Amino acid sequence: MPAKPRYKLPTEESLTRAAVHYLERYASSETNLNIVLQRKIFRICHTLGQDPVAYLDMIDTVVAKCVRIGLVNDRQFAETKISSLRRKGASQRKIESQLAAKGVGHELILSLMSEDPHDDSIAAKKYARRRRLGPYRDPFKRLERRDKDLAAMCRAGFSFEIARQVIDADGIGSELDPTR
C-alpha cells in the first residue's frame with residue numbers, strides 16, 4: 001500500500017516555486033496559471049483538511065510577481081499559440097476557442113487574429129493534408145468518403161464553403177499545396 005503524499009501548508013514562497021516550476025515546462029496565460037495554482041491549493045488543503053479560502057489570496061500575489069518579472073505574458077503566449085496552431089492547420093474558430101479556454105482576453109484574441117497573415121483557406125489545405133482528407137486520400141476511396149471528409153473539416157472549425165473547396169479540389173497540385 002503506497003504511503004500518502006506528505007503535503008505542507010502552502011506559503012507564498014512555495015506557490016512561487018510551484019509557479020516557476022510549471023512555467024519552466026509550459027507556456028501559460030495569467031488566468032491559466034491562476035487556475036493551476038488554485039488546483040494545487042485545493043489538493044493540498046483537501047489532503048490536510050484545511051479551508052482553501054484562507055490561501056487563495058496568495059495566488060494573486062504570485063501571479064502578479066510572475067507577470068512583473070516577465071515569466072507570464074498573455075500577448076506573447078497568444079502569439080506563440082496562434083503560430084503553432086496555424087502551422088498545424090487550425091481554423092480561426094479553433095484558435096479563438098483554445099485561447100479563450102486558456103484565459104486570454106477576447107479583445108486580445110481579436111486584435112491578434114486580425115494581425116494574423118494566414119487565412120482559413122491555407123490552414124484548411126494544411127489540415128486536409130495532415131489528416132489525408134479529400135485530394136490527399138486514396139483516389140479509390142475519395143468519392144465514398146467525401147461527406148465524412150467535409151464533416152471532419154467542418155468539425156475542425158472551417159466554414160462549409162472552404163471545406164468544400166479543399167475537399168473537391170482536383171488533385172495535389174501547386175494551387176493546393178500550402179508549402180508552395
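Trainee: Is Phe158 buried or exposed?

Mentor: This is a predicted model, in which local features need pLDDT of at least 70, side-chain atom pairs count only at pLDDT 80 or more, and totals for chains, interfaces and linings use all residues. Residues are numbered from 1 along each chain as its sequence is written, and side-chain values use heavy atoms, with hydrogens and water left out. A residue is termed buried under 20% relative accessible area, exposed over 50% and partly exposed in between (1.4 Å probe, protein chains only). The relative accessibility of Phe158 is 1%, so Phe158 counts as buried.

Trainee: How many aromatic pairs does the structure hold, and how are the planes of Tyr22 and Tyr26 arranged?

Mentor: Rings of Phe, Tyr and Trp (its six-membered ring) pair if their centres lie within 6.5 Å; planes under 30 degrees apart are stacked, over 60 edge-to-face, and the rest tilted. The structure holds two such pairs. The ring centres of Tyr22 and Tyr26 are 5.0 Å apart and their planes stand at 45 degrees, so this pair is tilted.

Trainee: How many residues apart in sequence are the parts that the pair of Tyr127 and Phe158 ties together?

Mentor: Tyr127 and Phe158 form a tilted pair, 5.8 Å centre to centre with 50 degrees between the planes. Helices (H or I, at least four residues) are DSSP runs, numbered from the N terminus, as are strands (E, at least two). Because Tyr127 lies in helix α7 (residues 120-131) and Phe158 in the loop between α8 (146-155) and α9 (160-167), the parts tied together are separated in sequence by 31 residues.

Trainee: Which cysteine has the sulfur nearest to that of Cys45?

Mentor: A disulfide is a pair of cysteine sulfur atoms within 2.5 Å, and the structure holds zero disulfides. Cys45 is accordingly in none, and the nearest cysteine sulfur, 19 Å away, is that of Cys66.
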